[in-house]
Amino acid sequence: MADDPEARRVSELLDRITRGELGEAEAEELELYAQHDPELRAAITARTQQATLGGGWLARVEADHRIARAERSPRVLLERGLGGLLVALGWLTWVAAPALGPGMVVVGLGLLVYSWIRVNHRQDPYKDIQR
């Protein structure tokens, strides 16, 4: 069944219901699948209730997980490691080379801030929350 594209698509649509991301066209597609399948219709009802009770919570949790994965990516680790190294070397160099040390600290801090903004701003899970 894992190789059945129709079963995979239905599973994907059910997951989108739970996350509250199901569009109108996808809802119609799922309705076509469920026309003669009472088990699928029951699953749709259950998932709809889960989505209603969750109120988007599951989507926010998944967004948090995406940010956590992005922060562990090799690019981010490299950016933050290099930024931290520049800051540390800049502080150490500041006494010996007063013109070079502060510049290294500023570049290192800039790299750290850029990395943080790039990861967190692009994938902010709370940007659509209405208070």
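Student: Which residue forms a salt bridge with Glu79, the closest N and O atoms being 3.0 Å apart?
Tutor: This is a predicted model, and the distance is computed from its atoms. A salt bridge needs a side-chain nitrogen within 4 Å of a carboxyl oxygen. The closest N and O atoms here are 3.0 Å apart, and the partner of Glu79 is Arg118.

Student: How many residues apart in sequence are the parts that Glu79 and Arg118 tie together?
Tutor: Glu79 belongs to helix α5. Arg118 belongs to helix α6, residues 101-122. The pair therefore links parts whose separation in sequence is 39 residues.

Student: Is Arg118 buried or exposed?
Tutor: Buried means under 20% relative accessible area. Arg118 has 17%, so Arg118 counts as buried.

Student: Which side chain meets Arg75 in a salt bridge?
Tutor: The N to O distance is 3.1 Å. Both residues sit in helix α5, four residues apart, so about one helical turn separates them. Arg75 is partly exposed, at 47% relative accessible area. Its partner is Glu79.

Student: Is Glu79 buried or exposed?
Tutor: The cut-off for buried is under 20%. Glu79 has a relative accessibility of 10%, so Glu79 is buried.

Student: How many salt bridges does a search of the whole structure find?
Tutor: Opposite charges on side chains can pair when the charged atoms come close. Searching the whole structure gives a total of eight.

Student: Which residue pairs with Arg47 in a salt bridge?
Tutor: The closest N and O atoms of this pair are 3.0 Å apart. Arg47 lies in helix α3, residues 38-54, and its partner lies in helix α1, so parts 32 residues apart in sequence are tied together. The partner is Asp15.

Student: Which residues in α1 are buried?
Tutor: Helix α1 has 15 residues and reaches 21 Å from its first C-alpha to its last, close to the 21 Å expected. Ser11 is in this helix, and Ser11 is partly exposed at 37%. The buried residues of α1 are Val10, Leu13, Leu14, Ile17, Thr18 and Arg19.

Student: Which residue follows α1?
Tutor: Helix α1 covers residues 5-19. The residue that follows has a positive phi, near 75 degrees. That residue is Gly20.

Student: How far apart in space are Ser11 and Leu30, C-alpha to C-alpha?
Tutor: In sequence, Ser11 and Leu30 are 19 residues apart. In space, their C-alpha atoms are separated by 9.9 Å.

Student: Where in the chain is confidence lowest?
Tutor: The chain averages a pLDDT of 83, and 87% of the residues score at least 70. Confidence is highest in helix α5, residues 74-96, at a mean of 93. Where pLDDT is low, predicted coordinates should not be read in detail. The lowest mean, 76, belongs to helix α4, residues 57-71.

Note on methods:
Residues numbered from 1 in each chain as written. Predicted model: local features only at pLDDT ≥ 70, side-chain atom pairs only at ≥ 80, totals over all residues. Heavy atoms only, no water. pLDDT = per-residue confidence, 0-100. Helix = DSSP H or I, 4+ residues; strand = E, 2+ residues; numbered from the N terminus. Buried < 20%, exposed > 50% of the residue type's maximum accessible area, 1.4 Å probe, protein only. Expected span 1.5 Å × (residues − 1).
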